[in-house]
Each structure stands twice: as structure tokens, then as C-alpha cells.
Amino acid sequence: MCLKKYVNVTARFDENGNITPLAVIWDNDVKFEIERVLDINPAVSLKAGGAGIRYTCRICGHEKYLFLEENRWFVELKEKQYIAY
Amino acid sequence: MERVILHSDCNSFYASVECLHRPDLRDKPVAVGGDVEARHGIILTKNQIAKKFNVKTGEAIWQAKQKCPELVIVPPDFPLYMRFSKMAHKVYLNYTDKVEPFGLDECWLDISSNAHNLKEGFEFAKKISRQIKCELGITVSIGVSYNKVFAKLGSDYKKPDAITVIKKDNFKEIVWPLPAGDLLYVGKATARKLSSIGIHTIGELANTPTNILNSLLGKWGGLLHCFANGLDTTPVCQYDNQPTVKSIGNSTTAPRDLENEEDVKIILFVLADSVARRLREQGLKAKTVCISVRDNQLYSFTRQRTLNRYTNITSEIERAGMELFRKYYNWNKSIRSIGISVTDFVSDTISVQTDLFSNELKREKKEKLDRSVDNLKNRFGSYCVQPAILLADRELSGFDPKKEHTIHPEGYF
């Protein structure tokens with residue numbers, strides 16, 4: 001069972017080299033706007049199995065982790081999401 | 001003032017990184033091992049569960065499987081380990097710029113400027129260990145001491161995920177009962193020599209007069225005596241002070257035993273090409289060529305020779321290697337692995353003394369040709385241009401030592 005899902009992300013690269021994710025685009029082209037990035041930290045995701053820069057984002061009113069692993073983004077799936085997926 | 005030095009060692013590094021990325025493996029015995037088909041089938045590291053089955057690093061995969069039939073073998077992913085190694089260095093660099101890597105998974109840190117005594121050092125070690133766990137998801141063992149040698153012993157003393165402090169007033173209880181072989185730079189051969197005169201522990205080594213050790217081990221005797229008594233004063237290098245390169249080499253275990261000179265030539269060419277490319281990349285020329293040969297009974301030897309001129313030309317290095325090989329190998333047995341390295345460097349910008357008997361123009365052309373091929377290989381991959389000899393046996397020539405480059409701990413000095 002893999003709870004790691006790589007996703008498409010729209011991000012802004014500013015002139016100082018900062019990267020801010022703006023939206024996550026799911027498989028079926030559903031776009032989830034990121035309302036706000038609350039925290040940025042290097043961190044591990046034991047659940048998904050990966051490490052990188054962790055963006056704590058507010059999406060649709062919920063706090064979600066979005067990880068930048070080198071040049072790919074991933075999210076942690078919930079177990080029931082995994083089954084549905 | 002007493003220095004505060006930490007030695008941080010990532011526990012079962014390769015295996016931990018693999019288990020992190022594959023949650024389904026975490027509760028199984030796992031080992032990272034080479035490719036059996038390509039005859040690189042040894043255990044590189046194993047996780048804690050596999051350790052309980054007495055799986056050892058360096059043993060053949062079939063031996064390990066006999067001890068632990070459920071053992072999961074995963075192939076190594078060196079780029080991933082290097083990424084994690086860099087991430088760990090980044091964590092260390094938060095605490096000090098004196099970070100000296102020793103191989104991929106170990107580092108010395110001198111935190112004297114932040115910590116005033118070993119007790120504070122212990123607190124820093126706890127912080128570092130926690131941070132590594134949060135950011136990398138793996139555990140480290142840390143040794144805290146007033147010199148590098150004891151710090152390293154400390155990180156080996158208790159594993160995994162542990163911190164050991166070795167102080168001036170307790171090192172005799174902790175360090176001295178350990179076997180002499182645990183000390184940095186006491187390998188199998190030295191340990192055997194020491195044991196031949198009745199020195200089995202670090203304490204016994206520390207209490208043996210230096211002149212006896214010197215007569216047994218040469219100048220290393222005094223040094224080991226120093227190490228054992230905690231008198232080592234070697235500084236921890238600045239992180240950006242990468243040590244200058246002293247040799248460049250590549251070696252490989254062939255996918256099948258090499259039976260004749262043609263086989264050796266193919267392997268040696270691939271290796272020499274990688275070595276020469278690395279030389280050119282670093283802007284160096286070398287004068288001494290060294291080959292190492294291991295036969296299928298695992299007997300190995302090395303031979304070297306000095307060339308007349310400094311060179312970075314693939315064909316010259318390959319030819320020197322082949323000459324050495326022809327001179328010293330008698331084909332009693334077939335060959336399992338072979339390596340070539342060059343030392344004795346100068347910068348490639350210095351002017352050269354030409355001589356009457358060599359065609360300098362031709363050499364210059366060769367060098368230019370090599371560089372053009374390098375450019376092509378950098379753009380289109382190592383296999384885009386190859387000499388015809390490598391097409392003779394693709395099984396043998398189909399490896400890329402430059403890319404799959406292996407990692408060795410650097411020397412201590």
C-alpha cells in the first residue's frame with residue numbers, strides 16, 4: 001500500500017529564488033487552490049515515505065502538507081483515499 | 001580550553017533510507033545488496049531486523065539468505081543516498097561550519113564555538129539527533145568527546161539512535177576495555193600484529209611504551225599510542241575545504257570471469273576512459289599509473305609504473321595499464337575484478353617539456369579529440385561514441401564507471 005502520491009503543482013518562482021505553490025492539480029484535472037502557505041520546513045513524511053521541503057498549506061479551509069522532493073511534489077494520501085484511488 | 005567534538009553516524013544508512021521510502025518494508029528484514037547477476041552480490045548494509053538474524057555487511061547474498069530466508073534484498077540507489085547525505089550535512093551546518101564528512105554517512109563536527117563543555121555538547125547532540133529524525137526520518141548515533149578518535153569510538157559504542165559521551169575522566173572505563181581493532185586505523189593486519197605481542201585491547205595499546213609500538217608498526221606506532229591515550233589533536237576541517245585530490249581511480253568486478261587479454265583490454269579501456277575523463281574534468285594530468293587485479297580465487301595484487309610524461313590522454317593511460325598487466329599477470333587463473341588508478345598530479349595548464357622522440361603534435365591532437373568526445377558524452381551519454389573494441393563484447397563493456405561512481409571514505413589525514 002503506497003500512501004505517496006505525486007501531483008501536478010502550479011508554483012510561483014520569485015526573483016529571490018523562493019518557491020510558492022499556488023495550486024494542486026489532481027488527476028481528473030480538478031484544481032485545488034492553495035489559500036495560504038502557513039509554514040515551510042525541511043521534513044520527512046514517514047507515512048508516504050519521502051523527505052524534502054514540507055509546505056503546510058491551507059486548501060479549502062483544511063491544513064494539508066505538500067512536499068517538494070527535489071523537483072517533484074507529493075502529498076500524503078489518507079488510507080480511505082488510497083482505497084478509493 | 002577543551003574542544004567539543006561530535007561524530008555522527010547514520011545507522012544502517014542505505015537500509016534506513018530504503019525503508020523510509022518503502023513503508024511496506026519497514027517491518028521486514030531488509031538488506032541493500034549488489035546485483036547477483038552482475039556478480040556484485042554482497043550485502044552493503046542491513047536494517048536492525050536483519051541484524052538480529054546475524055546478517056553481516058560484506059557477506060554474499062546467498063550466505064545471508066541462508067541465515068534469514070525472508071530477507072528482502074533491494075538494489076542500491078546511490079544518487080538517493082547522496083541526496084540524503086547532503087541533507088544530513090545541511091543539518092550539521094546549522095550548528096557549525098566545521099563539518100568533516102567521512103564517507104557518505106559519517107561526519108565529524110567541531111562545535112567548540114557553541115558548546116563550552118561536553119555536557120553542552122551532549123545537549124547539542126540531542127538536538128541534532130532530533131532534527132535529523134524530523135527532517136530525514138532516519139536515526140543517528142553520536143559520539144561526544146574532546147578529540148576526533150574518541151568521538152568516533154563513541155558513535156560506534158551504542159547503536160542505534162544513541163549518544164555516548166567520552167570524557168577525560170571516564171575514557172579509561174569506556175574506551176580501554178574495547179578491542180584494539182575498534183580504534184581508527186587499526187585494521188585487520190595491524191590488529192593481528194598487535195595481538196602477536198599480546199595487545200588485545202585499546203587499554204593495553206595505550207599502556208605499551210611507544211618505542212615497542214614503533215619497532216612493531218613503524219611511525220604508526222606512536223600515532224596509535226596517541227590515539228589510544230586520547231591525545232589526538234587533529235582538527236575538524238572546514239566544510240568547504242574539500243581535501244585536494246591525490247588519486248583518481250575506477251575498478252569493477254566483471255559480470256563474468258575474464259579469460260584472456262582481449263577481455264581485460266575491454267574492461268581496462270572502459271575504466272581508463274572514465275579515469276582520463278575525470279582527470280580532464282578536474283584539469284589535471286597524471287604521471288603514475290597503477291593497476292589492481294583480483295583473480296577468481298580472490299588473490300589480488302597491485303602494480304604501478306611512472307610514465308615519462310604527464311598525461312590525461314585515454315589511450316596512453318590504457319596502454320600503460322595494459323603494459324603493466326602483460327608484464328605481471330601470468331594467466332594461471334581467470335580474473336574476477338580489475339581496477340586502474342592514476343596519481344602524481346599536475347595542473348594541465350603547466351607547460352610541458354617536449355622531447356625528440358615523441359610526436360607532440362600528435363599528442364595534442366589526441367588530447368583535443370578526447371575533449372571533443374567528452375563533450376559529446378556529456379551531452380548525449382557515455383555510450384554515444386565508443387571505440388570498436390567495446391562493441392566486441394557488450395556484456396563486458398556495458399557499464400559506466402564514471403556515472404555509477406562508487407563512494408569511499410577519504411583518508412583521515
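Reader: At what angle do helix α12 and α14 of chain B pack, and how far apart are their axes?

Author: This is a predicted model. In it, α12(B), residues 261-281, packs against α14(B) at an angle of about 95°, and the axes are 11 Å apart.

Reader: Why is α12(B) called roughly perpendicular to α14(B)?

Author: The angle is about 95°. Angles of 65 to 115 degrees count as roughly perpendicular, so α12(B) is roughly perpendicular to α14(B).

Reader: Which residues meet where α12(B) and α14(B) touch?

Author: From α12(B) come Ala276(B), Arg277(B) and Arg280(B), and they meet Asp370(B), Arg371(B) and Asp374(B) of α14(B). By class, this contact has 1 nonpolar residue, no polar ones and 5 charged ones.

Reader: What span is expected for α14(B), and what span does the helix reach?

Author: Helix α14(B) covers residues 360-380, which is 21 residues. At 1.5 Å a residue the expected span is 30 Å, and from first C-alpha to last the helix reaches 30 Å, close to that expectation. Just after α14(B), Gly381(B) has a positive phi of about 95°.

Reader: What makes you say that α14(B) lies largely in the open?

Author: A residue counts as buried if 20 or more other C-beta atoms lie within 10 Å of its own. Of the 21 residues in α14(B), the number that are buried is 1, so the helix lies largely in the open. For chain B as a whole, buried residues make up 36% of the 413 residues.

Reader: Why is chain B called as compact as a globular protein of its length?

Author: For 413 residues the globule rule gives 22 Å, and the radius of gyration of chain B is 24 Å, close to that value, so chain B is as compact as a globular protein of that length. Its C-alpha atoms fill a box of roughly 65 × 50 × 45 Å along the principal axes. The chain has 15 helices and 12 strands. Of the contacts in chain B between residues at least 6 apart in sequence, 62% join residues at least 24 apart.

Reader: How many residues of chain B are in contact with chain A, and which helices supply them?

Author: In chain B, 11 residues are in contact with 9 residues of chain A. On the side of chain B that touches chain A, α1 (13-21), α4 (78-93) and α5 (118-136) each supply at least two residues. The largest share, 3 residues, comes from α5(B). By class, that side has 5 nonpolar, 2 polar and 4 charged residues.

Terms used. Residues are numbered from 1 along each chain as its sequence is written. Chains are lettered from A and ligands numbered from 1 in the order in which they are written. This is a predicted model: local features need pLDDT of at least 70, side-chain atom pairs count only at pLDDT 80 or more; totals for chains, interfaces and linings use all residues. Helices (H or I, at least four residues) and strands (E, at least two) are DSSP runs, numbered from the N terminus. The expected span of a helix is 1.5 Å times one less than its number of residues. A residue is buried if 20 or more other C-beta atoms lie within 10 Å of its own, exposed if 12 or fewer, and partly exposed in between; C-beta atoms are placed from the backbone. Two residues are in contact if their C-beta atoms, placed from the backbone, lie within 7 Å. Ala, Val, Leu, Ile, Met, Phe, Trp, Tyr, Cys and Pro count as nonpolar, Asp, Glu, Lys and Arg as charged, and the others, Gly among them, as polar. Axes are lines fitted to C-alpha atoms, for helices over the stretch in contact, and angles run from 0 to 180 degrees between N-to-C directions. Angles under 35 degrees count as roughly parallel, over 145 as roughly antiparallel, 65 to 115 as roughly perpendicular and the rest as oblique. The radius of gyration is taken over C-alpha atoms; the globule rule is 2.2 Å times the number of residues to the power 0.38.
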